[in-house]
Amino acid sequence: MTFIALLAAFLLEQARPHPYPNLAVRGFILFAGRAARYLNAGRPSHGALSWCASVLPPVLTASVLSWGLAAANPFLGWIWFVAVLFFTTGFRQVSHFFTGIARALKAGDGQRAKDLISQWRNESRFEIEDGDVAKLTIEEGLRGAHRFVFGPVLFAVFFGPAGAVLYRLAAILREEWAGQEPELAQLGRFAGTAFKWLDWVPSRITAAGFAVAGNFEDAFYCWRTQAGAWPDPFNAPLLASGAGALGVKLGGPLRRLASVEERPGLGMGDEPDIDALDSTVGLIWRATVIWMIVLLMVTIARWVG
């Protein structure tokens, strides 16, 4: 059932892609913002309270609906599963910017490529050098593939529709509540901590998938020796593994207008170019196919057993 639901959701998203943030995401962001305003009074515990009040009602609703519909009619439960996956996962939410940047670079339109990567990263295009566009695009592509595809799918496999909802909502709050003003900083701290624990296993499974789909030896070497130095522990394993699997260099210094942002290096080989963007798409699709095959085999084994 899970395999067929995932396949149906992927095909539906390719045929009828929805914008991001979609209506469900925008509604949740408004709901979480109101919950935080009512429950947050500046104490550390209020971050946890606001997070739970925002996340748990939708998760419990998804769980109850999943159980109730499946009990009434298994087909209705399956339709609900597909609907949840359709709104919580999706390659198009990654490929929109990635494909546009790749096309701009191939057409020689560096300015358009810089505009798109700056929108994707929510920063000024004047802060991005031409030589860093391909590298930043690959980093965002690997992160996005995990955040919008592999992460919620893994939670859906283990915990059903409620798992996919939990993962996506936790990821959204981590992004929305990061960098809050001092009186609201506890919101961002708890959201970051909660997502770190939720994503610890999925991020490593995604990193393993990149390794299997690419250069296995280099991927695990980079993961083992370089991920620990990366400042963002959320994405360190999958970025290090992805860089090694692709045979390119990610991370490293980012040249700004009046300064240089020092970052540890990831991967090995050459600096990424336009061809490396195509290789990244291939890596993500191969990793997806590998995990779908694994899930199919598990599903067949359950049917046979």
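In this predicted model, Cys52 is partly exposed, with a relative accessible area of 30%. Cys222 is buried, at 0% relative accessibility. A search of the whole structure finds 0 disulfides.

Salt bridges are counted next. The count comes to 8. Side chains of opposite charge can pair when their charged atoms come close. Glu139 takes part in two of the pairs described here, one with Arg143 and one with Arg263. In the pair with Arg143, the closest N and O atoms are 4.0 Å apart. Both residues of this pair belong to helix α7, which spans residues 133-159. They are 4 residues apart, about one turn of the helix. Arg143 counts as buried because its relative accessibility of 12% falls under the 20% limit. Glu139 is buried too, with a relative accessible area of 0%.

The second pair has a different setting. Arg263 and Glu139 approach to 3.0 Å between their closest N and O atoms.

Asp232 is placed in the loop between α10 (216-226) and α11 (236-246), and Arg174 in helix α8 (residues 161-176), so the pair ties together parts 58 residues apart in sequence. Arg174 is partly exposed, at 22% relative accessibility. Salt bridges with shared partners also build a network. Its members are Arg121, Glu139, Glu140, Arg143 and Arg263.

Helix α12 covers residues 274-304. Ala276 lies in this helix. Its relative accessibility is 7%, so Ala276 counts as buried. Beyond residues up to four places away in sequence, Ala276 touches Ile138 and Val248. Ala276 and Ile138 are 138 residues apart in sequence. Their C-alpha atoms are 8.0 Å apart in space.

The largest share of the patch, 4 residues, comes from helix α12. Ile300 is partly exposed, with a relative accessible area of 40%.

Thr89 provides a case of a buried polar residue in a loop. Thr89 is found between α4 (74-88) and α5 (92-106). With 2% relative accessibility, Thr89 counts as buried. The Thr89 side chain reaches the backbone oxygen of Leu85 at 2.6 Å. Other contacts involve residues beyond four places in sequence. These partners of Thr89 are Phe10, His18, Phe148, Val149, Pro152 and Val153.

Ser66 is placed in helix α3, residues 44-72. At 18% relative accessibility, Ser66 counts as buried, because the limit is under 20%. Ser66 touches Trp80 and Pro161, with residues up to four places away in sequence left out.

Tyr38 lies in helix α2, which runs over residues 23-39. Tyr38 is exposed, with a relative accessible area of 73%. This value is over the 50% limit, so the exposed class applies. Tyr38 and Arg256 are 218 residues apart along the chain. The separation of their C-alpha atoms is 40 Å.

Note on methods:
Residues are numbered from 1 along each chain as its sequence is written. This is a predicted model: local features need pLDDT of at least 70, side-chain atom pairs count only at pLDDT 80 or more; totals for chains, interfaces and linings use all residues. Side-chain values use heavy atoms; hydrogens and water are left out. Helices (H or I, at least four residues) and strands (E, at least two) are DSSP runs, numbered from the N terminus. Buried means under 20% relative accessible area, exposed over 50%, partly exposed in between (1.4 Å probe, protein chains only). A polar contact is a pair of N or O atoms within 3.5 Å; within protein, one must be able to donate a hydrogen and the other to accept it, and residues adjacent in sequence count only if both atoms are side-chain atoms. Contact means heavy atoms within 4.5 Å. A disulfide is a pair of cysteine sulfur atoms within 2.5 Å. A salt bridge is a side-chain nitrogen of Lys or Arg within 4 Å of a carboxyl oxygen of Asp or Glu.
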